[in-house]
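Work through the exercises below with the structure open. Try each task before reading its solution.

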Amino acid sequence: MSFWSQLLAFLYAAILASVPLLYGTLGEILIEKAGNLNLGVEGMMYLGAIMGFMGGFLFDSALMAILFAFLAGMLGAAIYAFMTVTLKANQNVTGLTLTIFGTGIANFIGETLKETYPAGMTFITDRVKQVLLPLRLGALSEVPVAGKLLFSHSIFTYLALAIAVAMALYLRCSQQGLNLRAVGENPSAADAMGIPVSRYKYIHILIGGGVCGLGGAYISLVTAVGNWQPNIVGGQGWIALALVIFSSWSPVKAVLGALIFGALSVLRLYIPKDVLDIPGALFSMLPFIVTCLVLIVSSMKMKRENQQPAGCGINYFREER
Amino acid sequence: MPKSAPFSRLHIVQRGDLSGAKTSLYRLLAVVGALTTGGLFLLALGFNPLSVYWTMLSGSLGSSGMQKETIKLMIPLCLTTLGVVLAFKMKFWNIGAEGQICAGAIAASYFAYFHNDLPSPLLLTLMAAASILAGGLWGLIPALFKTRYGTNETLFTLMLNYIVLHFITYLREGPWRNPEGGFAAMPRFTKQARLPELPIPGIGNVHIGWVVMLATVVFLFIYLRYTKHGYELTVVGENERTARYAGMPVKKIILRTMMMSAGLCGLVGMLQVSGPDRQLTDAVANGRGFTAVSIAWLARLSPFGVMVVSFLFSVMQKGCSMMQTEYRIPSSMSDILQGIILFFVLGSEFFIRYRIALQKEAKA
């Protein structure tokens, strides 16, 4: 294979791998903008992965798969929101618990499916896959280079980009977006302004959770091509959490961040062995090492506008002064 | 916009201190609620929850053999949680126990694989020391950056988990691979590198990790309650500014405590490879680092509480694996139950700290 076609294949694979990270990151940005740090991204992605899978399996419909995944992520987020917003439980512990719970539910249902149905059973039919797997947009997809890079993707990919753009506009230009940022930065000031703090938190945590759920569905339906495997999400939710910091809470930068991390995770497959021969296991460390470096660098430069919303991680209780 | 009349009259008031008995009652109710919810889940799956729960109990405590297995699960769980508690007391979110266990296990295994000609007591001592050092240093990295630049330790410790886990895979597939094995695995430890066993009265022989566990519980109880170090780290956890104002060396306290926390987790790695596992595998931590966070929270960061809760969690885990063999219910049920219990207990804290009051008709 020539160098250019190899490069093209690499970039394409990087985009494929970046989509679930992008969903997780976008969802968490929305949640953190509301002043809540949800460590349950991995769990919500698991819930989305299994329920998206079940939606596709039970109804034989791609739309139901997407809907189920969104609702499942939202349901996970609803537990989190109830615990932290209404019951004012510790956000870190609640988020971690959500991860354990979501992982448990997903693996439980997955194993039960494998037990119940014969081995080699096709759960996701071609009817669903046709809609969800990377599309061929006729002539557009045939355009050299751009056709492969821009016009041959799953609808999940385009949806993620649309969400990123919509979120950027929402946060920057709409009244609600500004209110939301006020809630995340200083909930008592927002409260004094008459913004319904709890309602804002609930709505955005729930939608953010739904977006994370979509990322999970991408993993089980597109990455794994509709074959359920145990521990399918495998830490991508945690990388998404770090990507939130990497992209300094900006949905547009999140697209770039997800691309870079997607590229890191597939890099090994595209570097010829005679150029660089590093054992696969060491290569798998790469995204995590880079994440650490990102954490360090972003904490070192401390730019005011690039920081976490100031109210993040602290529960708001009106009568506490 | 119409006001939602019935809710505007309800509001939340912070309580004074609730009596100890009442607090315990609320927690007990939470656990009962969680088990009921878990039971309903089982019922929905078509099982009789009572008989499933009974299987869990008898499968984890029914015979001395099962009790032994439960204790073996409890040792690493309890010790890891104790490690995590040290960091949590300081409000340092060490989610990296998983990786610190792995780091300790790797260091211990190095001596077990390459210096197994040493006499057993010396070898085991070296292994233990190496594991504490390796785990401690692995945990020191995020602490250093936290004290220096304020780097987010929650995510940092978490990322370090995956790095060291992949390193074990690397060792297994490459340099430490057992040349005789058909598939990629590391060799078994020789006899010198295995932990001796000591009898627990009424149960039988279990590797000496249980003695280490009991000693650590007592040590930490004293350390946290009666020593200067323990006092200092609690103050740092309560309010860092107060600590600095009082002239405490906050950075040094954070580094020291994190080194201890992670070192203890590292030791768990050694006990695990040298005790029940008898070889290094990538399942040496097996999610214990995360379960430890739950246990630490449920035990309210008290060493003796940790012992009780980690015992109950071990019963649950052993019980769930029994449930799998008997009813073919996947053992991930253990994670689900753990989640439900935690949600309920976290929720119950609300009713301990706050009460819901009916607003008086103040405004006319």
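Predicted model: local features only at pLDDT ≥ 70, side-chain atom pairs only at ≥ 80, totals over all residues.

Residues are numbered from 1 along each chain as its sequence is written, and chains are lettered from A and ligands numbered from 1 in the order in which they are written.

**Exercise 1.** Classify the packing of H2(A) and H4(A) by angle and handedness.

Solution. Start with the axes, which are lines fitted to C-alpha atoms, for helices over the stretch in contact, with angles from 0 to 180 degrees between N-to-C directions. Helices are DSSP runs of H or I with at least four residues, strands are runs of E with at least two, and both are numbered from the N terminus. The axes of H2(A) and H4(A) come within 7 Å and cross at roughly 25 degrees. Angles under 35 degrees count as roughly parallel, over 145 as roughly antiparallel, 65 to 115 as roughly perpendicular and the rest as oblique. H2(A) and H4(A) are therefore roughly parallel. Their crossing is left-handed (the near helix is turned anticlockwise from the far one by less than a right angle; clockwise would be right-handed).

**Exercise 2.** Do likewise for H5(B) and H12(B), then list the contact residues.

Solution. Helix H5 (residues 97-114) and helix H12 (residues 288-298) of chain B pack at about 135 degrees, with axes 6 Å apart. They are therefore oblique to each other. The crossing is right-handed. Contact means C-beta atoms, placed from the backbone, within 7 Å. H5(B) contributes B:Ala97, B:Glu98 and B:Ile101, while H12(B) contributes B:Arg288, B:Gly289, B:Phe290 and B:Ala292. By class, this contact has 4 nonpolar, 1 polar and 2 charged residues (Ala, Val, Leu, Ile, Met, Phe, Trp, Tyr, Cys and Pro are nonpolar; Asp, Glu, Lys and Arg are charged; the others, Gly among them, are polar).

**Exercise 3.** How many residues of helix H12 of chain A are buried, and what do they pack against?

Solution. The buried residues pack against H1, H2, H11, H13 and H14 of chain A, together with H7 of chain B.

**Exercise 4.** Describe the side of chain B that touches chain A.

Solution. The contact takes 37 residues from chain B and 39 from chain A. On the chain B side, H6, H7, H12 and H14 give two or more residues. That side has 20 nonpolar, 13 polar and 4 charged residues.

**Exercise 5.** In which sense do S2(B) and S3(B) pair?

Solution. Strands pair if DSSP finds at least two bridges between them. S2(B) and S3(B) pair in the antiparallel sense over 4 bridges. B:Glu197 has B:His207 as its bridge partner. The hairpin has 3 residues between the strands, and B:Gly202 takes a positive phi near 85 degrees.

How values were computed. Contact = placed C-beta atoms within 7 Å.
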